[in-house]
Amino acid sequence: MAEPILKVRDLTTRFRLVERTITAVAGVSFDVQENEILAIVGESGCGKSVTILSLMNLIQPPGFIDPASRVLFEGRNLLELEERELAAVRGGRIAMVFQEPSASFNLLFTVGAQIAEALRIHRGLSREKALEQARDLLRQVRIPAGERRARDYPFQLSGGMLQRSMIALALSCSPSLLLADEPTTALDATVQAQILALLKEKSSAGGMSVIFVTHDFALIDGFANRVIIMYAGRILECCSSREILEQPAHPYTQDLLKAIPRLGVFKDEQRLYSIAGRVPEPGNLPSGCTYAPRCRLRFGKCEVEPELLRAGGNGKKNHTVRCWLFA
Amino acid sequence: MPEETLLYAKNLVKGYPVKAGGFAAGGEKIHAVNGVSFGIPANRTLGLVGESGCGKTTTARLLLRVVEPDGGRLYFDQAPEKTEALERLEAALFREADPRRRTALEKEAEALREGVDFFSYRADRLKRERLKMQYIFQDPTLSLDPKMQIREIVTEPLVENGLVPHGERDREAGKILEVVGIPASGLRKYPHEFSGGQRQRISIARAIAGHPKLVICDEPVSSLDVSIQSQILNLLLDIQKEYRVSYLFIAHNLAVVFYISDEIAVMYTGKIVERAPARQLYLRPLHPYTQLLISVIPELGKKKDITRLSREGEPPSLIHLPPGCTFYDRCPRRLEICQAETPGLEQKRPGHLCACFAVARQVYPSSSS
């Protein structure tokens, strides 16, 4: 296998609160391959967004990243870079797209000018050249009348068009890695499909890898190549998106898949599986396996937290799971 | 109005004026709901689906009279004879030419309407009738008063209406909270002391406290975590069995709506474009918009590549709705007539309504093989 473009090792992010320090992300390690779409799936508070922000060293006090954490990109540890060096990477080699596109644009400048700004900073293009390319990018993300839309202010665009403009901005400097945090959550189903199609097209054709954060399990099928399931700041399972659906190993993954209503399953056919209890709060984690209090298969060993283990079987070399059942 | 119909909404219309001042002044309106009619049978669930801005929430608010309609009727929990009498009278009024007889008929219709049309109920009657029509909203944090204890929140409508004496308040609250799985120790707690899922359980407890006949659920699980959603959906199903309540269920997550609903109505630009039993709508959607909508929903385990199925385009502006079918611009099956005329919602298959010129009627299934 080729060298991964991103290697994350023991990423730990903590928040120092008044009375105690909580750990939002606890020792997360993973790789991202070239041209790969990696989905990070989890419920609210599982640490998926904090993970993304940590990769770019965007954690603000009272949060801090543990000094032992490493984010290796193009041979450098991003967490050790000077702010000035890091700024050159952000928006250049690594770009970001967030959930609410209207919050990501400055409402006082036209969409075209904001995309052009990135090109001027990272590529050193002239004002005219940059604007020309901005218009071109808007056409590439298939915004109708992209030429004219470049002169529009953010409020003049619909949510779907704004998110596409955001992606145009993110793609403007041909990044090799795109970090997308719930980029379609605020959008309608038809627009969501358009955005996913755009991302997939850009990743397979343009040599770009994507880390895609979502709470929507259904999205990974047919879109992501590999999946990480996060729970309480930890990776519970990691494998190809086909394996997660066909042979989920962790009891949490299995339970979630049974709890989600699926199209084509109706109430008179099947009762949804109810997972007891709720997601633990980051400041109040159970000792041992974080899922144990809700797990239907827990046993004695679960009082100690397991490492990420091989899910077993041949051809499953890349399927890891944090559960004692596989020890 | 068929026999077991609990609610019948007829030709609901609602427009919101665009804020005056600036460039938008000039009496323009956002046409949120444009002639929506539907019935909800007793003890059944009608799901409303459609993308943001299609009028789902406005329709729900009209039923509750949180917003007043510009036009339309609402028959809720009425004997069919009464509503039929009104309908007959109005048909006669429509035909009547003689102005004197018109005035008499109008008076008669007006009197009848006040008795049966939910939209013409006055405050005191509305307050009583509303006990039978309750609601659950998306965000339980916003819909529960932070300064009230749980026992007060749950029983307030009952005490207000004199259905439960003050002294029995706690006992009654305890009973209802047990149904939704909140322990009695929570009676004197405040909403912030509960988790999101528990707060939604409390909203449900408040909604069913007065034994309503209809509960309007507007995105009841979308603010909840996936692992909590199924708990709440199962609870709603159990309550329906036990209390024989009807639901109007609104959610943008199609998988959830299809799962919980008996019938589903699909809305587009403030109109119902298709209505059918849930299974039938999923297996054989007729309207091109419904087909598009179902094709873009990611489905687990279906290997459906939604990225290939997406089509460009967005709904038209609700301020300047185009003439004819509003889906025309995005429609793969459009005909010439679609640009000029608006298709009506008509029965195309048994029990399956659709508003589209391109879909042929086939009400009686052919028995030939």
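Biologist: In chain A, what share of the contacts with a separation of 6 or more comes from residues 24 or more positions apart?

Modeller: Such residues account for 61% of those contacts in chain A, where two residues are in contact if their C-beta atoms, placed from the backbone, lie within 7 Å. This is a predicted model, in which local features need pLDDT of at least 70 and side-chain atom pairs count only at pLDDT 80 or more, whereas totals for chains, interfaces and linings use all residues. Residues are numbered from 1 along each chain as its sequence is written, while chains are lettered from A and ligands numbered from 1 in the order in which they are written.

Biologist: What box do the C-alpha atoms of chain A fill, and what part of its residues is buried?

Modeller: Taken along the principal axes, the box is roughly 65 × 50 × 45 Å. Of the 327 residues of chain A, 49% count as buried, meaning that 20 or more other C-beta atoms lie within 10 Å of the residue's own, with 12 or fewer for exposed and partly exposed in between.

Biologist: How many helices and strands does chain A have?

Modeller: Chain A has ten helices and 13 strands, where helices (H or I, at least four residues) and strands (E, at least two) are DSSP runs numbered from the N terminus.

Biologist: What order do the strands take in the open sheet of chain A?

Modeller: The eight strands of that open sheet follow the order E7-E8-E9-E3-E10-E11-E13-E12, and their pairing is mixed; two strands pair if DSSP finds at least two bridges between them. At the edges are strand E7 (94-97) and strand E12 (309-310) of chain A, each of which pairs on one side only.

Biologist: And E8 with E9 of chain A, parallel or antiparallel?

Modeller: Strand E8 (residues 177-181) and strand E9 (residues 209-214) of chain A pair in the parallel sense, over five bridges, and A:Leu178 stands opposite A:Val210 in E9(A).

Biologist: What does A:Ile211 contact, leaving aside its neighbours within four places in sequence?

Modeller: A:Ile211 is in contact with A:Val32, A:Leu38, A:Ile40, A:Ile52, A:Leu179 and A:Ala180.

Biologist: Switching topic, how many residues does each chain give to the contact between chain A and chain B?

Modeller: The contact takes 38 residues from chain A and 40 residues from chain B. On the side of chain B that touches chain A, H9(B) provides the largest share, eight residues.

Biologist: Is helix H12 of chain B mostly covered or mostly exposed?

Modeller: Helix H12 (residues 288-296) of chain B is mostly covered, with seven of its nine residues buried. Those buried in H12(B) include B:Pro288, B:Tyr289, B:Leu292 and B:Val296.
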